[in-house]
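Welcome, and please open your viewer so that we can walk through this structure together. At each stop you will hear what to select and what to look for there.

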Amino acid sequence: QMQLVESGGGLVQAGGSLRLSCAASGLTFGRYAMAWFRQALGKERDFVATISWWSGANTYYADSVKGRFTVSRDNAKNTVYLQMNNLKPEDTAVYYCAKAAPESNWGPHMTRIGGYDYWGQGTQVTVSS
């Protein structure tokens, strides 16, 4: 049974940092691009970052997080990470990791929610001013 389990969320002051993790099971992890999305209260789920399958050599970021967030992956641990630095109050949201579909899918379209078919339960990030 496939599972994506996020962790690492919490409450942090503006300017601080957090590192989110998403542990995957029940899939051949390296074959799939992985992504992070976020959803603020009362708003739609928005793209944050995505990393290509296997090597993770390619990434895309939302303009709002470029230069502050870094996505990475460790295939040996079946885990994708999101390092978030210089956090701002507007980063407050539930953060979700997602698995791409199908295998080896990659390209600019991976910034859209339709590129993913499996989601974790989310982890809350709250940034105080």
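This is a predicted model: local features need pLDDT of at least 70, side-chain atom pairs count only at pLDDT 80 or more; totals for chains, interfaces and linings use all residues.

Select Trp36, Leu82, Met84 and Tyr95: they have the most contacts inside the largest nonpolar core, a set of 36 residues. At least two core residues come from each of β3 (18-25), β4 (34-39), β5 (45-51), β7 (69-74), β8 (79-84), β9 (93-100) and β11 (123-128). Which strand gives the most to this core? That is β9, with five residues. As general background, nonpolar side chains in soluble globular proteins tend to be buried together.

**Aromatic pairs**

Next, show the rings. There are five aromatic pairs to find. Begin with Phe37 and Trp119, an edge-to-face pair whose centres are 5.1 Å apart, with 65° between the planes. Phe37 belongs to strand β4 and Trp119 to strand β10 (residues 116-119), so look for two distant parts of the chain, 82 residues apart, linked by this pair. Is Phe37 buried or exposed? Phe37 is buried, because its relative accessible area is 1%, under the 20% cut-off.

Move on to Tyr60 and Trp106. Their rings are stacked, 5.2 Å centre to centre and with 25° between the planes. This pair also links distant parts of the chain: Tyr60 is in strand β6 (residues 59-61), while Trp106 is in the loop between β9 and β10, 46 residues apart. Tyr60 counts as partly exposed at 28% relative accessibility, and Trp106 counts as partly exposed at 22%.

**Charges over rings**

Keep Trp119 on screen and select Arg45. Arg45 lies over the face of Trp119, 4.9 Å from the ring centre. For another example, select Arg73 and Phe29: here the charged end of Arg73 sits over the ring of Phe29, at 4.5 Å from its centre.

**Last stop: a loop**

Finally, find Lys77 in the loop between β7 and β8. Is Lys77 buried or exposed? Lys77 counts as exposed because its relative accessibility is 56%, over the 50% cut-off. To finish, draw a distance between the C-alpha atoms of Lys77 and Lys88: these residues are 11 apart along the chain, and the atoms are separated by 30 Å.

Terms used. Residues are numbered from 1 along each chain as its sequence is written. Side-chain values use heavy atoms; hydrogens and water are left out. A nonpolar core is a set of buried Ala, Val, Leu, Ile, Met, Phe, Trp, Tyr and Cys residues joined through side-chain atoms within 4.5 Å. Buried means under 20% relative accessible area, exposed over 50%, partly exposed in between (1.4 Å probe, protein chains only). Helices (H or I, at least four residues) and strands (E, at least two) are DSSP runs, numbered from the N terminus. Rings of Phe, Tyr and Trp (its six-membered ring) pair if their centres lie within 6.5 Å; planes under 30 degrees apart count as stacked, over 60 as edge-to-face and the rest as tilted. A charge sits over a ring if NZ of Lys or CZ of Arg is within 6 Å of the ring centre and within 35 degrees of the ring normal.
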